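Please read it alongside the sequence and the three-dimensional structure.

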Amino acid sequence: MFKKTRIGVAALAALGAGLAGPQVALAQGQTLERVTVTGSSIKRLESETALPVTVITRDQIEKTGATNVEELLKRVSASAAAISDTTQGAGYATSNANLRGLGANSTLVLLNGRRLANHPFGSIGGNAAVDLNSIPFAALERVEILRDGASAVYGTDAVAGVINFITKRDYRNGEVSVRYGNTESNIGGAEKGASIAVGFGDLLSDKFNVLITGNVQKNTRLRAIEQKFYNRGVQEIPGSAPPTSGGGFPGRLADFGPNHETLSPGAFSALNPGAAFEACDPTFTTTVNTSVSPNGTQNKICRFIYAATLDNLPDQDKGDVYGRLTLNLSKDHQLFAEASLARNHSIGRIAPTPIFWGATSLDTVKGDYAHPLMPINSKYFPRDLLIKLGYTPADFDPDGDGMAEVALRAIPRGNRINDNTNTQTRFVFGANGVLGGWDYDTAVNISRAKGSLSYLGYVHEGRFLAGLASGNINPFGPSDAAGEAAWANSALDGLMRESKSTTTEFDFKASRELSAMAGGNMALALGASARKEKAEDRPVNADYSAGKHIGGEGTVPTTIASRTITALYGELSMPFAKGWEAGVSARYDKYSDFGNTFNPRATLRFQPSKELVLRAAAGTGFRAPTLWDVNSPVSSTNTANSLVDPDCPAGFEADPRCEIQYNVRQFASPTLKPEKSRQFSAGVVFEPGRSVSIAVDYWNILKKDQISTIGGDAIFSDPKLYAKYKSRIKRNPQGFVSYIESPVDNLGDLKTSGIDVDLRGSLNLQDGIKLGASFVGTYVMEWKRQADKGGEFTSYVGTAGDGSAVQPQPRWQHTAALDFQRGAWTFTVENQFVRGWTESATLVANNVGPEVEHRVKDSSRFNIAMGYKGIKNLNVRFGIKNITAEEPPFTAVSSYGSHAAGYAASFSDPRGRFLYGSLSYQFK
């Protein structure tokens, strides 16, 4: 795939040899330029650093066929899983990096070595991270991924590592390309796009260079019902059913009769309940037995297969524009300016609104959720059916208020649609060069992220309950004109949230060589920065902010906050003996809202021969609480999954109120402080010959004072946690769960360790044939955490996590590739592998029924790509992703990073066999 020289070996030692190591070949007499490598502030030859860095080149990006950053990072084995709702456009349609499975807040994302603004929507305990959709994809030259902590250089968020997206520089050509891809079955999920890059001006002769790139991308939705991944559990887990909800359509009577029974009129079509009572649709509902009616007939309800109404992929439109101007003032000084705009518009569809006790709002005074009630004298009340089942009028209204409780799904309103538009604008003005023997680099960076969220299909609780109580709305089938008007009046549609997040930073750093040592010249780097972060998270609809939408996000308070961060940092490189280099670096950060922190790091590199490099690094890191963690008021939300209440009131075990998504109240501890971490890595790079390279790195991370929550999903899924935090589960007088307290606090420790492996080789044969091979994998030895200080460690490696704060932690992942090149033709075969994990019996029971463990199968996908450059200035590419059309493995848990049901969207591509092609034309 690439040609190696001895300099190439040193570069691989420094860069940890990424998915495909960069081609390094020097002409005779050519000198190596000193550059800054991600993770260091010292300008140096790439071969001199001791840190493990993965490099993905532009050529590799094109060979993968990836059209976005999230798809690209799924090939990086150190990336445990994307934290994403981009895959469905649900939530806020964002995509976040997640190195080592430590969460989006622990991975620092940079563009050309500098920060971007975090996405502007946030919540207490939630992610505050860069949306990967804001990266100008067409401008990328390469991606450098530091697989080690770097708080000593970059400050907060770099606990798990750093991903640095680097754009083209000094580009003097032009290229325009178009691309198209679609599923073989043509069921949706198509992609089409185009990009352009234009550069002109020679820095040496013209004293300037201008680069402009543009990119547009359009993706079409893929409906879950076309694939029915959610139905596969019936074959894999005996006794299971598709993931369903007690809020179905047609609806059901709830909590009526002498024994608090529940039944769906639509499940009794054989008893001819009447035209107003729609039968249960087998595509979207499943019939479940409940109690027995007075005349001995089996009562039934229609449970809703909510997964059948989702989109596995959303409608999505993306675009980005990037520009860079570089001016050579003299041979020693440059000025530069960067400007970029990235926009992502996504339409995500999730199931229509569930309406039942527990999905409605909580009355904190009464300690009870609002009850959906219809009058028993409504023409839609199933009086005749109930009499056929042996009930008497006294059973219709045991408390004498003339109302009956119901549960249903807002099918007449259609899917809940989240219409998200996220943009990031960024301006950087800076200078670099040499002054007084110092290499300097300084800039002002102004980044702003904006987000807007519009709703369609959501239901206003108060207006709906009033329409239901009027008797006009039919919860069991179609309504008449008055009922349709009541449904329309219940709509909560339109613009809900408009927010922005701003990062403004000034930085200055300089490095130079000092006195000579036995192994080379000592080098020093010094730097300082001042940064202001500001969040203006504004709900613009008062009812939305107050959480008056059924089945929505809960309450969304306004959060307006800012803080300033000043920092000083330095780095010293000491080649104290032949082949040996030691390095120390340290950074001091002062935050205006919670104090200061100091983080050092030490590195050691030993190269006893041209064939072997040994390296090690140790340091500390930190993660600051988000602006929402420190400043937001109390808010309410729901658990991620439907949960089974182990202390359901006696006699109500079959009541849907004992298996729902429970209300959660979030608030921050007043003593919240930064997380702290300790990192250690050690590795070896061995190249026995010019065509073979072997790199192995061990990594170990300890996080202390985790900023996290003990969520309701975790409490209900772990008997020990349930026993310990039972007091956080608040119940109403009947004994049903009212809400779960979930404070954001500094919890216990988290430990993770593992091994990264990078193997690659190349071979030149006769007739100009070149072969290349690469294998990059990560083995996780340990991933465990304490739910609270001093608590017992729970191991999650090889498991599905806890269903909430901890996502799946596969033991092993790898990407392997074989390259063949002859003349103008190239051919690549790629394998992406993720070892399966175990879903606990409790998680399985909460989602599909049986209380048994489920082993998620391994995922292994093969992709091929071909390229042809035999026509002047043209580059033709064709590829097939998932050539064997493997389905993503079935998962019982339905919320691994998205609303996807039946598969893990954060690890898988649902599209089956996918064919794509592109055509690029280069011009000058």
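**Structural briefing**

Ser-269 sits in the loop that joins strand E13 (261-263) to strand E14 (285-292), where helices (H or I, at least four residues) and strands (E, at least two) are DSSP runs numbered from the N terminus. This is a predicted model, in which local features need pLDDT of at least 70 and side-chain atom pairs count only at pLDDT 80 or more, while totals for chains, interfaces and linings use all residues. Residues are numbered from 1 along each chain as its sequence is written, and side-chain values use heavy atoms, with hydrogens and water left out.

**Individual residues**

- Ser-269 counts as exposed because its relative accessibility is 53% (buried means under 20% relative accessible area, exposed over 50%, partly exposed in between; 1.4 Å probe, protein chains only).
- A distance of 70 Å separates the C-alpha atoms of Ser-269 and Ala-617, which are 348 residues apart along the chain.
- Arg-760 belongs to strand E41 (residues 750-764) and is buried, its relative accessible area being 4%.
- The side chains of Arg-760 and Asp-758 form a polar contact at 2.8 Å (a pair of N or O atoms within 3.5 Å; within protein, one must be able to donate a hydrogen and the other to accept it, and residues adjacent in sequence count only if both atoms are side-chain atoms).

**Nonpolar cores**

- The largest nonpolar core has 59 residues, of which Leu-253, Leu-263, Phe-381, Leu-386, Phe-464, Ile-715 and Phe-716 touch the most other members (a core is a set of buried Ala, Val, Leu, Ile, Met, Phe, Trp, Tyr and Cys residues joined through side-chain atoms within 4.5 Å).
- Elements that each supply at least two residues of this core include strand E12 (252-256), helix H6 (383-388), strand E23 (403-409) and helix H8 (461-469).
- Strand E23 gives the most to this core, with 4 residues.
- Another core, of 32 residues, lies apart from it and has Ala-66, Ala-97, Leu-132 and Val-143 among its members.

**Cavities**

- The structure holds 16 cavities of 30 Å³ or more (on a 1 Å grid over the protein atoms alone, a cavity is a set of points where a 1.4 Å probe fits but cannot get out; lining residues have an atom within 4 Å of a point).
- The second largest cavity contains about 640 Å³ of space (the volume filled by probe spheres set on the points, which are joined across faces, edges and corners).
- Its lining has 47 residues, and Glu-70, Glu-71, Lys-74, Ser-908 and Asp-909 are the closest to its centre.
- Helix H3 gives the most to the lining of the second largest cavity, with 4 residues.

Note on methods. On a 1 Å grid over the protein atoms alone, a cavity is a set of points where a 1.4 Å probe fits but cannot get out, and a pocket is an open set with protein on both sides within 12 Å along at least five of seven lines; lining residues have an atom within 4 Å of a point.
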